[in-house]
Amino acid sequence: MTIEENKDVVRRLFEEVVSNGELAVVDEIVASDFFWPQFGLRGPEGVKQWVRTFRAAFPDVHDTVEEQIAEGDMVMTRATVKGTNLGEWYGMPSTGKVAVFPAVGIDRLVDGKIVERFAIFDLAGVLRQLGHEVLASSTPTRTERTS
Amino acid sequence: MTEENKKLVRRFFDELVNERKSGVAEEIFSPNFSMPQLGLYGPEGAKSMVNAIWAAFPDAWDTIEEQVAEGDTVMTRVTVRGTNLGEWQGLPPTGKSVVWTGVTIDRVIDRKIVERLVVIDWLAVMKQLGYSMATTATR
């Protein structure tokens with residue numbers, strides 16, 4: 001597998017699976033021994049579970065792949081995520097607001113399938129966009145400001 | 001070239017952040033450096049980013065977990081450890097030790113970083129400091 005082929009596989013995760021909700025594609029691009037250490041998710045089912053949770057909160061989610069770089073068995077993908085928060089998310093009630101934020105995925109592939117991944121986005125920034133605030137639970141004299 | 005680019009970015013974390021060598025900023029960042037996300041420009045802008053972290057987490061220490069490079073771009077994933085001894089985002093110091101992950105995407109031209117994008121899960125930091133997000137939003 002070339003790095004370009006690996007990039008295409010990961011691109012399918014963002015475009016076909018997340019944006020289009022084509023969960024069956026997960027079985028084609030995620031290895032049976034896949035592991036996602038961040039969330040303790042395993043196998044194609046683990047990825048489907050993560051996608052379902054996200055799409056429940058943002059049913060119209062759309063990922064735009066902005067750039068990809070790859071080296072060896074690794075692919076880094078930077079995407080812009082846009083979605084309307086119409087379902088509960090991280091225990092927060094839905095707000096009906098639109099969030100737009102950058103996200104980065106770091107995927108490792110073996111034989112054209114994703115075997116491990118790491119994903120990151122500024123969750124606090126997203127929650128702020130949705131209208132939630134930082135709460136200083138220990139002290140009432142907070143001087144929170146948004147950045 | 002990609003290996004040299006990785007080394008250059010590594011110097012930011014090892015020398016500028018961990019060894020507190022502010023003077024190397026000019027060797028690492030182009031005069032044209034820009035970080036549109038935070039409105040930071042030039043080596044001075046890069047230093048101010050580091051200074052803000054140091055003010056809140058004076059013992060901040062970066063460990064590079066992995067790098068991926070292709071063309072003029074370098075992605076670096078780091079684990080940051082620090083103790084919150086100064087004000088952070090307007091919040092008073094908590095004295096708590098926190099660990100978080102950051103990803104930087106750097107563009108390198110002529111052996112200098114010209115552009116950077118950073119993604120950090122700040123909520124993880126807040127939670128470790130004892131804060132949470134309040135559901136103040138109304139539909």
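Trainee: By class, which residues make up the lining of the second largest pocket?

Mentor: This is a predicted model, and in it that lining has 21 nonpolar, 6 polar and 5 charged residues. The pocket's volume is about 790 Å³. Of its 32 lining residues, those closest to the centre include Trp50(A) and Phe121(A). Phe and Trp both count as nonpolar, so these two belong to that class.

Trainee: What gives the most to that lining?

Mentor: E6(A) does, with 5 residues. Chain B takes part too: its E5 and H4 each supply at least two residues.

Trainee: How is the lining of the largest pocket divided?

Mentor: There are 28 nonpolar, 9 polar and 6 charged residues around about 1200 Å³ of space. H3(B) provides the largest share, 8 residues.

Trainee: Now the sheet. What is the order of its strands in chain B?

Mentor: The open sheet runs E2-E1-E6-E5-E4-E3, with mixed pairing.

Trainee: Which strands does helix H1 of chain B touch?

Mentor: Helix H1 packs on the sheet, touching E1, E3, E4, E5 and E6 of chain B, and its direction makes about 165° with that of E3(B). Touching here means heavy atoms within 4.5 Å.

Notes. Residues are numbered from 1 along each chain as its sequence is written. Chains are lettered from A and ligands numbered from 1 in the order in which they are written. This is a predicted model: local features need pLDDT of at least 70, side-chain atom pairs count only at pLDDT 80 or more; totals for chains, interfaces and linings use all residues. Side-chain values use heavy atoms; hydrogens and water are left out. Two strands pair if DSSP finds at least two bridges between them. Helices (H or I, at least four residues) and strands (E, at least two) are DSSP runs, numbered from the N terminus. Axes are lines fitted to C-alpha atoms, for helices over the stretch in contact, and angles run from 0 to 180 degrees between N-to-C directions. On a 1 Å grid over the protein atoms alone, a cavity is a set of points where a 1.4 Å probe fits but cannot get out, and a pocket is an open set with protein on both sides within 12 Å along at least five of seven lines; lining residues have an atom within 4 Å of a point. Grid points are joined across faces, edges and corners, and a volume is the space filled by probe spheres set on the points.
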